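Hi everyone, thanks for coming along.

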Amino acid sequence: MITYNRDLSWLGFNLRVLHEAADPGVPLYERLKFLSIFSSNLDEFFRVRYPGIIALSVLNKKTRKAIQGSDENTEEKVQDEINRQLNFFGSVLNKQVLPLLKENGIIFYYDSPIRTEHHSEVREIFLSDVLSFIQPIYLDGKAEKGFMPENNRLYLIITLEEKSEGGLKQAVVNIPSEKTKRFFELASLDGFDYVIFLDDIVRENLAFLFPGLRIIGVYSIKVNRDAELYLSDEFSGDLLQKIEGQLKKRDFGTPSRFLFQQGMPQNLQMFLVAAFNLTTNDMFPGGRYHNLKDLSAFPSFNRIPQYEKKKSLSLPNVMNSGDIFNILLTEDILLHIPYQSYNPVLSFFNQAAVDVDVSDIYITLYRVAEESHIINALISAAKNGKNVIAFIELKARFDEANNIKWSRIMKHAGVKIIYSQPEIKVHSKIALVKKRKEAGNQSFAVISTGNFNEITAQFYTDHVLMTTGSRIIAELLQLFKFLQLKEVTGNDKNLEFRSLLVSQFNMNPELEILIDKEIAKVARGEEGLIRIKVNNLEEPGFINLLYNAGKAGVKINLIIRSICCLVPGLPGESENIIVKRLVGQYLEHSRILIFGAGESPEVIIGSADLMTRNLYHRIEVYVRIKKENCKQELLEYFNIQWEDNDKAVLLLRGYEQKKIDSHGSPKINAQQAIYHFLESRQ
């Protein structure tokens, strides 16, 4: 079976992000943001994926094949692709974005001389706003005794000469971007506004830090460090405390990339290798400025073109009634975020917290907002005497500290907290509320493709189903009961799911059955059709099922945002499979699986991407959509995205991405079209 390498495929996605920064049709301020997203993504890649690539590269072919299913050594290909993308990044920034800023009356000092008129202002900013956070340290070249740069922090390496004796010494100066702004606005001159990096403010004033010494050279550096927490299956003891201990070490973990300013002398590079406990393989030449993810905070001056801010659409029945539970007694609610308001979800939890008839609230939490309204509602509910059970995933990468903070606050308020286990993550996005009624208890459920996070709901595309469907409620109650067990293994044979597809239980076999049904239709002379939209497609077994279905004559349309290890268009293997990637104003995050053509296909939404980790090492939940109006909305939603000829690209063999030719027909921007489609249904 032929598949793409997952890391090279992901790099293709990040290149697609960079293409948005290069697109003249994208508003200028948004192009800065796409440059920021590209840079942030690449930092995470070096922290999460690159250490594994290096580790595999030193193994022999036989061992590599046993671990990754292929003996391919991708280290060189990955480095070549990253270098190519970084060169493209520099070209977009220097040749397109900076000149356009100037056209809009803004001069960004980017590796350029500072006008004499600004020198005194830059000095004043340094002395009043920056100097208190500066901590110069002399280096002795010995890693075991000296200073160690923290992950993703910015520093300058200064080569100094004693004026009297002529001896050289090295010092490191922090650029305190975590304590103050990265960009400062300077006085307007000749009709232009000016912006300067914090980095250059520090550079311009180094003489204050080293009186009596001559500055010979100044070079910027940054370290990315391995982000893995290394929690083994045999980990014993309090998982929360263990993770907290690991988090304290994360920013000083093993280096995965040491970025240094191009032009740094070779002898200084070797000095830093020894001083910072690096290897030459960790060394990557870069530009004058690092952490360009900070471009998302570039001053807008309220005149740099941005995307038009559309108001989130409200559901008329929710607006008119206000009582979310009464509405759910008569109909399901399906939300399409962020086009539609997230308020019904917030209302669900807020009303549950104060409703005297609510007895129980169950929820799984993966990534929540730093100041979460939903968690505050859970706390209020617990204080109001309700039984609140929250399963919180402590191992949500880069959200561990936030989740630990909230878990302690909730526990103190009386919420029953169930922590995850080392060997499995709970990634499902589900909640359930029980109400006491005279005629009997009534329950209400929420199943989402995205996290219970009102902040990301503003720019992630997701679907949220709110329902009182009896079968869904019964199965969710089973699942929440199971999650409260001390050992979450997925081996409880007494659990039965039909409306839900739950990983560890029935998800994989049910997906295979649905694919086989489409193959059987083709064998009967009918049309077989599979349509899937997910973030990532990597799991070899599922890819093989799709290959087999395609070879049997089933038409397969895939929208895969990021990693796609399936290779489309292979003669005799995947000729019936088309793969598209969609990157636009919002981050495509929803998961939709549609099996069947015609008017009555099976439509499924949920939390799982089609990756080994999701299908085998997590608790994920899909739900079958039964209500016809909800099903039709999701079908139209997918169809609109499939017809996109503006922001979608075709994935071809060899990791290529090809813009879709509209052949003279009108441009269709799916994200704009979906907004108008939902607006028309109000």
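Let me start with what I call a patch: such residues have over 30% relative accessible area and no salt bridge, with like charges joined within 9 Å and nonpolar side chains (Val, Leu, Ile, Met, Phe, Trp, Tyr) within 5 Å. Accessible areas here come from the Shrake-Rupley method with a 1.4 Å probe, and for residues only the protein chains shown count as cover. With that in hand, look at Leu-127, Leu-131 and Phe-208, a nonpolar surface patch with about 240 Å² of accessible area together. Leu-127 sits in helix α6, residues 119–130; helices (H or I, at least four residues) and strands (E, at least two) are DSSP runs, numbered from the N terminus. At 38% relative accessibility, Leu-127 counts as partly exposed, where buried means under 20% relative accessible area, exposed over 50%, and partly exposed in between (1.4 Å probe, protein chains only).

A quick word on the source. This is a predicted model, in which local features need pLDDT of at least 70 and side-chain atom pairs count only at pLDDT 80 or more, while totals for chains, interfaces and linings use all residues. Residues are numbered from 1 along each chain as its sequence is written, and side-chain values use heavy atoms, with hydrogens and water left out.

Now, salt bridges. How many does the structure hold? There are 34, counting a side-chain nitrogen of Lys or Arg within 4 Å of a carboxyl oxygen of Asp or Glu. Take Asp-399 and Arg-367, whose closest N and O atoms are 2.6 Å apart. Asp-399 is in the loop between β12 (387–392) and α14 (400–413), and Arg-367 in the loop between β11 (358–365) and α13 (373–383), so this pair ties together parts 32 residues apart in sequence. Asp-399 is buried at 17% relative accessible area, whereas Arg-367, at 25%, is partly exposed.

Next come Glu-475 and Arg-471, also bridged at 2.6 Å, N to O. Both belong to helix α15 (residues 470–483), four residues apart, about one turn of the helix. Is Glu-475 buried or exposed? Buried, with a relative accessible area of 0%, while Arg-471 is partly exposed at 30%.

A further salt bridge joins Glu-602 to Arg-624, with 3.5 Å between the closest N and O atoms. This pair links distant parts of the chain, Glu-602 in strand β24 (residues 602–606) and Arg-624 in strand β26 (residues 621–624), 22 residues apart. Arg-624 counts as buried, at 10% relative accessibility. And do look at Arg-16, Glu-20, Asp-23 and Lys-647, which are linked in a network of salt bridges.

Let's finish with the backbone. Most residues other than glycine have a negative phi, and most peptide bonds are trans. Here, the bond from Ile-337 to Pro-338 is cis, with omega near 0°, and Pro-338 lies in the loop between β10 (333–337) and α12 (343–354). Asp-190 has a positive phi, near 55°, in the loop between β5 (183–189) and β6 (192–197), and is exposed at 63% relative accessible area. Asn-277 has a positive phi too, near 60°, and is found in the loop between α9 (266–275) and β9. Asn-277 is exposed, with a relative accessible area of 57%.
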